[in-house]
Amino acid sequence: FIANYSSAGFYVVSVSVSDGSTYSGHLWTLNVTNVNRVPYFNKTIPDMSWYQGRTYTMDSLDNYATDPDLEIDDSIFYDVYFVSEPSQIQAKINQVTHEVLFNSLPTFSGSEVVYFKVIDSLGAFNYSNNVILTVKPVITGAVSSTSTSTSGGGGGGGRVYEELCENYWYC
């Protein structure tokens with residue numbers, strides 16, 4: 001008998017021997033139990049970015065992780081870890097939908113790195129890839145400007161300064 005993961009249950013095993021004139025036998029009950037399999041991230045979580053002063057909602061972590069034991073009433077939940085502390089970004093995981101809500105401090109713009117942990121109901125766990133969270137600054141005022149200055153004498157030439165920023169509208 002070679003058991004595999006789907007062989008869980010009780011089995012009666014019998015052994016009988018005979019020397020031709022005498023017979024002997026014995027019965028055993030064999031209990032095959034499943035071992036908890038570790039949940040894992042089956043997809044790479046992409047880097048994310050959003051604008052300063054906004055909230056970003058990431059899709060469900062269930063799109064990136066699984067547990068082979070979910071079909072036998074196991075459940076999973078998630079946690080988030082920031083590589084650097086203290087963090088300028090806050091994260092909250094909805095433990096029902098497994099969506100992640102990110103908020104940054106109002107004046108923060110820049111990048112931070114997080115990773116996620118998937119944990120099953122028996123305590124087995126695994127980690128995701130590192131994910132870069134980028135909060136882009138919101139620039140108000142002129143969208144594009146160009147200024148040219150020239151200086152006289154001694155080989156001075158023209159200097160061109162150009163500032164470009166991305167338009168961002170609050171609706």
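Reader: Where is the place of Ser60 in the chain?

Author: The model is predicted, and in it Ser60 sits in the loop between E5 and strand E6 (65-66).

Reader: Why is Ser60 called buried?

Author: A residue counts as buried when its relative accessible area is under 20%. Ser60 has a relative accessible area of 13%, so Ser60 is buried.

Reader: Which residues is Ser60 in contact with, leaving aside its neighbours within four places in sequence?

Author: They are Thr97, His98 and Glu99. Contact here requires heavy atoms within 4.5 Å.

Reader: What makes E5 and E8 edge strands?

Author: The open sheet has three strands in the order E5-E9-E8, with antiparallel pairing. Strand E5 (55-58) and strand E8 (89-93) each have a single partner strand, so one side of each lacks a neighbour in the sheet. On average, neighbouring strands of this sheet are turned by 20° against each other, direction ignored.

Reader: How do you know that E8 and E9 pair?

Author: Pairing needs at least two bridges between two strands. Five bridges join E8 to strand E9 (residues 100-104), and the two run antiparallel; therefore E8 and E9 count as a pair.

Reader: What holds paired strands of a sheet together in general?

Author: Strands of a sheet pair through backbone hydrogen bonds.

Reader: Which residues of the largest nonpolar core touch the most other members?

Author: Of its 23 residues, these are Ile45, Met58, Phe102, Phe116 and Leu133. The elements giving two or more residues to this core include E8, E9 and strand E12 (131-136). E7 gives the largest share, four residues.

Reader: What does Leu133 touch, not counting residues up to four places away in sequence?

Author: Among the residues that Leu133 touches are Met48, Trp50, Phe82, Ile89 and Phe102.

Reader: How many helices and strands does the protein chain have?

Author: The protein chain has zero helices and 14 strands.

Reader: How much of the protein chain counts as buried?

Author: Of its 171 residues, 25% count as buried. The accessible surface of the protein chain comes to about 11500 Å², and 53% of this belongs to carbon and sulfur atoms.

Terms used
Residues numbered from 1 in each chain as written. Predicted model: local features only at pLDDT ≥ 70, side-chain atom pairs only at ≥ 80, totals over all residues. Heavy atoms only, no water. Axes fitted to C-alpha atoms, helices over the stretch in contact; angles between N-to-C directions. Core = buried A, V, L, I, M, F, W, Y, C linked by side-chain atoms within 4.5 Å. Buried < 20%, exposed > 50% of the residue type's maximum accessible area, 1.4 Å probe, protein only. Areas by Shrake-Rupley, 256 points an atom, 1.4 Å probe, with all protein chains shown as cover.
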